[in-house]
Amino acid sequence: MTHNLLCALGCLAGSFHARARGATLRRHLISAPARLARHGRGCLTLHLPARWRWRHA
């Protein structure tokens, strides 16, 4: 189950991450220091750090 979810996450993140292994996905995407903010009408926004290495991916 975890493998399938990581593969789906990698495909959504881009072409590099679609071919990446589980450890790379965990390091690049899952352990990202981010802040989740809730705005009006239940809209969620993910705030990533300004100098995060993989922010463009």
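**View 1. Strands S1 and S2 pair up as an antiparallel hairpin.** In this predicted model, S1 takes in residues 35-38 and S2 residues 44-47, and four antiparallel bridges join them. Strands here are DSSP E runs of at least two residues and helices are H or I runs of at least four, both numbered from the N terminus; two strands count as paired if DSSP finds at least two bridges between them. Arg35 has its bridge partner in S2, namely His47. Five residues sit between the two strands, and in that turn Arg41 shows a positive phi of about 60°.

A word on the ground rules: residue numbers start from 1 along each chain as its sequence is written. Because the model is predicted, local features need pLDDT of at least 70 and side-chain atom pairs count only at pLDDT 80 or more, while totals for chains, interfaces and linings use all residues, and side-chain values use heavy atoms, leaving out hydrogens and water.

**View 2. Helix H3 has a buried face.** Which residues of H3 are buried? In this helix, residues 22-30, they are Thr24, Leu25 and His28, where buried means under 20% relative accessible area, exposed over 50%, and partly exposed in between (1.4 Å probe, protein chains only). Looking down the axis of H3, these buried residues fall within an arc of 95°, so they line one face of the helix; the arc is that of the directions from the helix axis to the C-beta atoms.

**View 3. The cysteines go without a disulfide.** The structure holds zero disulfides, a disulfide being a pair of cysteine sulfur atoms within 2.5 Å. Cys7 counts as partly exposed, at 37% relative accessibility. Cys43 is partly exposed too, at 42%.

**View 4. Stepping back to the chain as a whole.** Three helices and two strands make up the elements of the protein chain, in the order α-α-α-β-β from the N terminus on. Its radius of gyration (over C-alpha atoms) is 13 Å, well over the 10 Å that the globule rule (2.2 Å times the number of residues to the power 0.38) gives for 57 residues, so the chain is more spread out than a compact globule. Buried residues make up 16% of the 57 residues.
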